[in-house]
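I opened my notebook to look up a few places in one structure. Here is what I was working from.

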Amino acid sequence: MVVVVKKGTDEHQLSTLVEWLHSMDITVHRSEGAYDTVLGLIGDTSRIDIDLIEGLGIVDSVTRISEPYKNANRKFHPDGTVIDVGGVKLGGGSLEFMAGPCSVESPQQITSIAEDVKKAGAAFLRGGAFKPRTSPYAFQGMRAEGLELLKLARAQTGMPIVTEIMDLSHLDLFADVDIIQVGARNMQNFELLKELGRCDKPILLKRGLSATMEELLMSAEYIMAGGNSRVILCERGIRTFERYTRNTFDVSAIPLLKEKTHLPVIADPSHAGGIARLVEPLALSAVAAGADGIMIEVHNDPAHALCDGPQALTAPQFAQVVERARAIRAVMCHD
Ligand code: PEP
Ligand code: MN
């Protein structure tokens, strides 16, 4: 971090700042220029409040040189993290598919979709039991019963299950879930992230509706700072001025996140585009960009789905995406 101190600052104020930085184990290199004094801060600057320093009357500007996240940073962990979930590996060069309905609706629905997506090449079964809906009058999910049905589908197919937690108070219900998903709306629910940092389960962290990549990485950092290093990031589209799509798929986030972090990065083209016919092109672009996995909503009867029918693929459509995505992956050489 570089701090430029205003011309004419008195020595006493400057040494108070330097002593305060020393008290936080920061080494300060001071350079005197003709017009300014420049302080070079060396050490763990992730705990320094940049706004606090910027707000000091004697400070002209502050520039961060190193990122404010340590655990998630590729600089300190050059090898990509591989997360093993029940024998399926996320990261490390593989391309895995998570598929299933937006919401679990009935035992027949979830078990038949699970069988179908498994045949088509999915390694994980997704399905929402607790649903974050914009309207309180919309279907809210089958809740605890939905979790039981996911476990039933897992027992029948052997596929690990991934499902969204919406509230800290439900954590006990997720004890037997393979991957806990934190949805876009909860990406900055810091109390939830801290608690998930203390639990022994992989966390699928989706990018918030208008979160920057750095904010997503800082949310991953919250989980990792608590001791849980098994975090998977998910690009699922961000809100922009565009209205033809549900969200705007930020494909650039995939290679950039993979540069910044060692964590696996997957993409969700279903919530990004919000339209079934966009799922394949978006999924393929994510694979070309180096995604470690793809999450897709699949329904046995999209027209009658209780949630997100317009973006749901049928199992044969999903099978085609898997086939084409693997063909693209085969010509790529991402690590
Ligand atoms: C979901 O995956 O079911 C979901 C609600 O996604 P998001 O949090 O990305 O909107
Ligand atoms: Mn959905």
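**Entry 1: two loop residues.** I began with D25 and found it exposed, at a relative accessible area of 68%. My cut-offs: buried is under 20% relative accessible area, exposed is over 50%, and partly exposed is in between, with a 1.4 Å probe and protein chains only. D25 sits in the loop between α1 (11–22) and β2 (27–32). Helices (H or I, at least four residues) and strands (E, at least two) are DSSP runs, numbered from the N terminus. The phi of D25 is near 65 degrees, which is positive in a residue other than glycine.

I then turned to R143, in the loop between β8 (124–126) and α4. Its phi is also a positive value in a residue other than glycine, near 55 degrees. R143 is partly exposed, with 41% relative accessible area.

I noted the ground rules here. This is a predicted model: local features need pLDDT of at least 70, side-chain atom pairs count only at pLDDT 80 or more, and totals for chains, interfaces and linings use all residues. Residues are numbered from 1 along each chain as its sequence is written, chains are lettered from A and ligands numbered from 1 in the order in which they are written, and side-chain values use heavy atoms, with hydrogens and water left out.

**Entry 2: R154.** I found R154 in helix α4 (residues 144–157). Is R154 buried or exposed? R154 counts as buried, at 17% relative accessibility. A polar atom of its side chain lies 2.8 Å from the backbone oxygen of D176. That is a polar contact: a pair of N or O atoms within 3.5 Å, where, within protein, one must be able to donate a hydrogen and the other to accept it, and residues adjacent in sequence count only if both atoms are side-chain atoms.

**Entry 3: ligand 1.** I listed the residues around ligand 1, meaning those with a heavy atom within 4 Å of it. Among them are R126, K131, E164, K206, H271 and E297. A polar side-chain atom of R126 is 2.7 Å away from one. For the side chain of K131, an N or O atom is 2.9 Å from an oxygen atom of ligand 1. For K206 the distance is 2.8 Å. The protein covers 97% of the 300 Å² of accessible area that ligand 1 has on its own, by the Shrake-Rupley method with a 1.4 Å probe.

I looked at E164 on its own. E164 is in strand β9 (residues 161–165) and is buried, at 7% relative accessible area. Beyond its neighbours within four places in sequence, E164 is in contact (heavy atoms within 4.5 Å) with F130, P132, F174, Q181 and G183.

**Entry 4: the manganese ion.** Which residues coordinate the manganese ion (ligand 2)? I found C102 (SG), H271 (NE2), E297 (OE) and D308 (OD), at 2.0 to 2.4 Å. Donors are N, O and S atoms within 2.8 Å of the metal (3.2 Å for Na, K and Ca); water is not among the atoms, so sites may look incomplete. E297 lies in strand β14 (residues 293–297) and D308 in the loop between β14 and α10 (315–331), so the pair ties together parts that are 11 residues apart in sequence. Both E297 and D308 are buried.

**Entry 5: I266.** I266 is buried, with a relative accessible area of 0%. Its contacts outside four places in sequence include L90, M98, L204 and I232.
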